Amino acid sequence: MKRALAIMVGSALILLLATLTLVVMPYIQISSEQVPDGLKPYTAQQLEGRQIYIANGCLYCHSQQPRDPSYAPGDRDRHWGRPSVPGDYTYDKPQLLGTMRTGPDLFNVGARIPSLDWHLLHLYNPQIVPGSIMPPYRFLFKVVDEVAEGEKEIHPGKGFGPEKGHVVATEEALALAEYLLALDHTYPAPTLPQPDTMKE
Amino acid sequence: MTPTIAILLIITFLLSTVGLLLLIWSIANNQFSHGQEAARTIFSSGEEGIGEDPAEKSTEALASSPDVELLARHQADQSSRKAALVWIGSAIFWIIVGSFYGLLASTKMHIPDLLGSSEWFTFGRIRPMHLNAVTYGWASMAGIGIALFLIPRLFKTPLVGGKYAILGSVIWNIGLVLGLGAINMGLSDGMEWLEFPWQIDLLFVVGGALCAVPLLLTAKNRTVSHLYVTSWYLLAALVWFPILFFIANMPFTFPGASGATVNWWFAHNVLGLWVTPLGIGIAYYMIPKILGRPIISYQLSLIGFWSLALFYSQVGIHHIIGGPIPTWLVTLSIVHSVMMSIPVITVAINHHGTMMGNFGRLKDSPTLRFVWIGALMYTASSLQGSMEALRSVNVITHFTHYTVAHAHLGMYAFLSFILFGAIYFIMPRLMNWEWPWRRLISLHFWLVSIGILIYFLSLTIAGWKQGLDLLTADTYFMDIVRMTIPYLEARTLGGTLMTMGHLVFAFHFLAMLLRRGESRDQPTLFRPVNVKKEMIR
């Protein structure tokens, strides 16, 4: 039993070392990062939209982490934004960095496409972008006979919507679109090297 | 560089150095002194040189010529029967479920409107359902089931407390049903590999802990003086997984960017410290056992074990190279990823070196064919992984289908092949019955092999081209998407073949449980044996 115990204790200790270097130390360092002045906390609606983003797995095709142009220039040249810094994610619980770019990076999609109508229409029928393989989110919309006061109608176009009635966005669709619009990190990041006034 | 970063760097460096010095010290002081003798503990007296492939008519043969050691082994095998069967049976159920979701997700990538109106089948939900079903359902449950069978054999004593493992499997299965249901309802925790809501994760902790009970009790009763290397891997894996799973799932602890480091520290450790040790541990048993030949270097296998523990535990951050996290952290993970070639090469020398001169057996033994191809793919996918962690390669492959291909090379061509092979070995031992149809094993083998080959090649090519195009803004994004479509279609073809293979396998497994086919006194091999009968028990 002694040797079996030694193996188990030894392997647990090694994992402890890894936890120290990969979990504890980054946690300490990152939590002391400066929060950029331009970063706003999410509103209740945007947070609800963020949950819809999580529930429907947007992160499996979209990243939220533009990289340094000196490393991957495509990120800047596709207008995905400046490199993100840890402080940008202060209010992100959990983080949604993502690891796939089947679709484009969304870290600044709110700045790139600042139209609520476009986002709603695109969620209803992503193929308004020709060739897109994004799945439709029609289940976030409902069809009504008459559009009530305060409801947001979208116009999918002939042949793309239902034969009768009007398509209106549900609370979920609106929240999700508002969250996408809130993805705007174009403010300056204090922790990045500044081009004109080098701080250090 | 700020002082904090400098200090962190120094601490990390010191810690790694201490780890390395400890390793060197233990080698110098003969902590690995078992020597070649220990490599023979898996054989009964006089068994070396005789291959063991699925059962002879064990009971009758034993009754006619009693052999104390073989009788004891037969009892050890029978003692784990119920527990191992429950875990392996559940695993096979989950691979069918997982394949279905995987195949559907794959199809939806080139036919996005398929089932488009249903939130239950939207891509972003079924993709994580696939991952969780095959990781925690198939791979983990099959691994635990095989471990439950191997532990009594390795310790040469019957399994004690098997009922705890059975109870554990019930809880684990409930956890899977609830967890997958939660993802399907949109209640995911939102991080890859950690989608199950943390409340449900508690079930896995309890289920896993219940499995540890019989393993520890049996380890206490063991009658062998040497712990064979397979037991090292199994024991360590069973220590690592609960710690990892617990820390990573602690709710509300790691916000923002530090959540990403924990996320990928965990996700890669599920591969590195959970399924990899299970996979190579099983291969370390099966290859020498079927060949009837001890592994060529026992010392090397132990160095491989400790270096795997040291290096694999710190590679996770190579999943966020270029991301918003400290550079020292990324560099640390890249260094460890490259260092991983040490354990990989030691394992390769042992696995493939032991095969030298015995490759002919691949023609007849199903277990050996599956397990050795799995071991070969371990070497391949690990070396590929070390390359992928380099910044210059990662800048191309990151965020593309290339990574998905690599993940399947590891989880499928390496791990699942070894699990398939081991199940072909174990079942006749547990059921005292031979596999009913030789051709079904053959069909299973060819379907999954051709399937994964198509899968891997198509996504590797697609991912590489995708990565090159994404480097600059010269190609329109939508043109890149269009370029990948034929490859995604090919992936669906590969996935279909793999799923068909799993259906064949599951059918055969059921037939085996029901003892269909005719009673046989020879192992079911790919081709009728011409080898002298006494060469294979």
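Predicted model: local features only at pLDDT ≥ 70, side-chain atom pairs only at ≥ 80, totals over all residues.
Reader: Where does α18(B) bend, and which proline follows?
Author: The bend lies at B:I485 and comes to about 35°, taken as the angle between axes fitted to the seven residues ending there and the seven starting there. A proline, B:P486, follows within four residues.

Reader: What makes the radius of gyration of chain B agree with that of a compact globule?
Author: A compact globule with 537 residues would have a radius of gyration near 24 Å, and chain B has 23 Å, therefore the two agree. Along the principal axes, the C-alpha atoms of chain B fill a box of roughly 75 × 60 × 45 Å.

Reader: How many helices and strands are there in chain B, and what percentage of its residues is buried?
Author: Chain B has 18 helices and zero strands, and 56% of its 537 residues are buried, a word that calls for 20 or more other C-beta atoms within 10 Å of the residue's own.

Reader: How many residues does each chain give to the contact between chain A and chain B?
Author: Chain A gives 63 residues and chain B gives 72. On the side of chain A that touches chain B, the largest share, 20 residues, comes from α1(A), and by class that side has 37 nonpolar, 16 polar and 10 charged residues.

Definitions and conventions:
Residues numbered from 1 in each chain as written. Chains lettered and ligands numbered in written order. Helix = DSSP H or I, 4+ residues; strand = E, 2+ residues; numbered from the N terminus. Rg over C-alpha atoms; globule rule 2.2 N^0.38 Å. Buried ≥ 20, exposed ≤ 12 C-beta atoms within 10 Å, placed from the backbone. Contact = placed C-beta atoms within 7 Å. Nonpolar A, V, L, I, M, F, W, Y, C, P; charged D, E, K, R; others polar.
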